[in-house]
2 protein chains.
Amino acid sequence: MFGKIALIGIGLIGSSIARDVKALGLAKDVTISTRSADTLKRAEELELGTSYTVSALEAVKDADLVIVSVPVGASGAVAEQIAPALKKGAILTDVGSTKASVIAQMSPFVPEGVHFIPGHPLAGTEKSGPDAGFEGLFTGRWCIFTPLPDTDADALAKLRAFWEALGSRCDEMDPQHHDKVLAIVSHLPHIIAYNIVGTADDLETVTESEVIKYSASGFRDFTRLAASDPTMWRDVCLHNRDAILEMLARFSEDLAYLQRAIRWGEGDKLFDLFTRTRAIRRSIVQAGQDVDAPDFGRHGAPKKD
Amino acid sequence: MFGKIALIGIGLIGSSIARDVKALGLAKDVTISTRSADTLKRAEELELGTSYTVSALEAVKDADLVIVSVPVGASGAVAEQIAPALKKGAILTDVGSTKASVIAQMSPFVPEGVHFIPGHPLAGTEKSGPDAGFEGLFTGRWCIFTPLPDTDADALAKLRAFWEALGSRCDEMDPQHHDKVLAIVSHLPHIIAYNIVGTADDLETVTESEVIKYSASGFRDFTRLAASDPTMWRDVCLHNRDAILEMLARFSEDLAYLQRAIRWGEGDKLFDLFTRTRAIRRSIVQAGQDVDAPDFGRHGAPKKD
């Protein structure tokens with residue numbers, strides 16, 4: 001599909017792409033670059049590519065497809081670094097969770113003749129690093145492109161075909177809308193999860209060991225998101241600020257309403273909300289976006305002391 | 001283990017107890033009672049007990065163990081109803097998620113010579129009703145007793161042995177502490193989950209179909225708790241009000257701090273929190289309280305359009 005692919009960044013996403021590209025034979029050469037010599041060494045041990053370098057500039061030379069998979073706050077620096085070596089006609093894309101910010105950071109450095117197409121595969125787990133990636137991570141998951149006004153249709157079609165080869169379903173939207181959608185379906189849930197786990201950790205009257213011991217009664221569902229990569233999520237918060245602040249304001253307003261209903265014993269208001277939310281779960285399961293098994297199917301899992 | 005067990009209420013918890021009692025042969029007779037004739041009929045179709053009646057009073061006659069499994073708001077009414085027929089020496093227990101309120105509601109009606117031992121099995125799923133129960137629901141899960149000052153040690157030992165036979169691990173604490181612990185590990189997470197799903201449902205700029213379609217990027221983790229039984233959770237909110245309001249106040253304070261850090265671009269504060277919470281997830285997995293598989297092991301699940 002491509003002569004040479006350059007992967008800048010080799011964490012969960014980058015290494016999953018590398019594994020799929022290798023398994024499916026989508027490129028002759030796969031050059032992997034990351035700033036950390038240790039991580040690069042690990043990528044080499046895992047045989048994720050065909051060549052390895054700590055120099056992103058070096059990595060993108062002659063590449064037909066360059067995929068930047070770094071925390072969104074580093075996008076601009078990477079673009080500046082690689083720009084001089086990008087080949088005319090190459091496709092440059094990213095996998096960042098925020099799009100307006102990435103476009104603002106990278107666009108100024110993209111040379112004429114290089115097709116910059118921002119992208120975001122909605123896939124991942126709470127693990128991070130090159131060892132966390134796996135073949136098939138993108139199967140059945142959405143990949144959203146936010147093409148720029150002058151995006152070349154053929155380049156977009158080629159990039160789309162690449163992600164489809166990885167098993168993704170593809171969508172397009174404008175960057176601002178992407179950032180709003182992701183603020184509610186992904187960023188707010190992560191921030192809330194981080195926050196509640198932090199609140200529990202700070203209690204004086206309930207010990208941490210009690211929180212852990214009894215976590216299966218609800219709390220543990222939040223801990224998965226709250227175990228996500230801190231650097232990635234710090235950057236998401238800083239780079240989708242406006243949309244996140246809007247969602248947080250709405251969430252807090254709604255929570256104040258709920259809190260008031262609890263204080264004043266307004267059971268009907270509570271019952272109405274609790275009924276409405278049940279329907280959404282059903283829709284998500286019907287849409288094949290979550291497993292139907294109660295308790296995420298965790299009941300079959302072995303229990304230890 | 002018991003001659004006759006009476007189960008008042010036959011939802012997820014009651015019907016799971018019934019299934020285990022039957023499978024393990026823990027009682028000669030199991031009488032099932034619930035107010036709804038339809039639900040009672042369903043319990044009979046499922047052959048969950050040995051006799052069935054809509055009269056709770058009738059059900060508890062000659063019972064050696066009476067387990068009340070109703071929404072906590074109904075505990076007082078049930079206690080009042082069954083009190084005249086409770087056998088001297090019988091054990092009366094419940095499974096409610098709040099304990100101080102249940103004790104306040106039920107205690108006044110408990111006749112002399114009946115052993116009232118409040119209990120709370122920390123088990124369940126987001127499903128409800130007699131069909132949602134299953135054998136083994138309590139295996140490896142905690143059951144917390146909040147004995148009263150005059151609780152008979154032999155009766156407590158017998159009840160404990162019963163829950164252990166169902167596979168539970170047992171703990172004891174005072175009712176007020178139970179309510180605080182559960183407020184953070186269970187009640188707050190459910191309320192927050194209900195709230196965020198409600199917030200998403202109310203957006204004008206992001207459609208419900210977008211929320212559903214892209215839910216796998218975080219949001220769906222919250223929808224499981226938000227699909228829990230509305231009546232049960234309305235009652236929990238109303239009957240553990242003080243502890244819940246305290247936890248909500250702490251949560252909101254922490255969220256305001258986080259929101260401020262996002263607004264002012266204080267990445268270090270975000271990074272610190274996001275790092276701290278990751279350690280808690282690790283402890284929960286190490287304690288055997290959650291599966292170690294990334295993404296709750298959902299990646300193996302089939303994906304549909």
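How many residues does the contact take from chain A and from chain B? It takes 94 residues from chain A and 94 residues from chain B, where two residues count as in contact if their C-beta atoms, placed from the backbone, lie within 7 Å. The model is a predicted one, in which local features need pLDDT of at least 70 and side-chain atom pairs count only at pLDDT 80 or more, while totals for chains, interfaces and linings use all residues. Residues are numbered from 1 along each chain as its sequence is written, and chains are lettered from A and ligands numbered from 1 in the order in which they are written.

On the side of chain A that touches chain B, two or more residues come from each of H7, H8, H9, H10, H11 and H12 of chain A; helices (H or I, at least four residues) and strands (E, at least two) are DSSP runs, numbered from the N terminus. H7(A) gives the most, with 19 residues. Of the interface residues of chain A, 100% are also interface residues in chain B, so the copies meet through the same surface.

Of its 10 residues, 9 are buried, so the helix is largely enclosed by the rest of the structure; a residue is buried if 20 or more other C-beta atoms lie within 10 Å of its own. Among the buried residues are B:Trp233, B:Arg234 and B:Asp235. Their cover includes H11 and H12 of chain A, together with H5, H7 and H11 of chain B.

Attention now turns to the sheet of chain A. Its 6 strands form an open sheet in the order E3-E2-E1-E4-E5-E6, with parallel pairing; two strands pair if DSSP finds at least two bridges between them. Strands E3 (51–53) and E6 (115–117) stand at the edges with a single partner strand each, so one side of each is left without a neighbour in the sheet. E2(A), residues 27–33, is joined to E3(A) by 3 bridges, and A:Thr31 has A:Ser51 in E3(A) as its bridge partner.

Finally, the largest nonpolar core has 182 residues, of which A:Ile8, A:Val66, B:Ile8 and B:Val66 touch the most other members. Such a core is a set of buried Ala, Val, Leu, Ile, Met, Phe, Trp, Tyr and Cys residues joined through C-beta atoms within 7 Å. Leaving aside neighbours within four places in sequence, the contacts of A:Val66 include A:Ile8, A:Val60 and A:Leu92.

Conventions. Buried ≥ 20, exposed ≤ 12 C-beta atoms within 10 Å, placed from the backbone.
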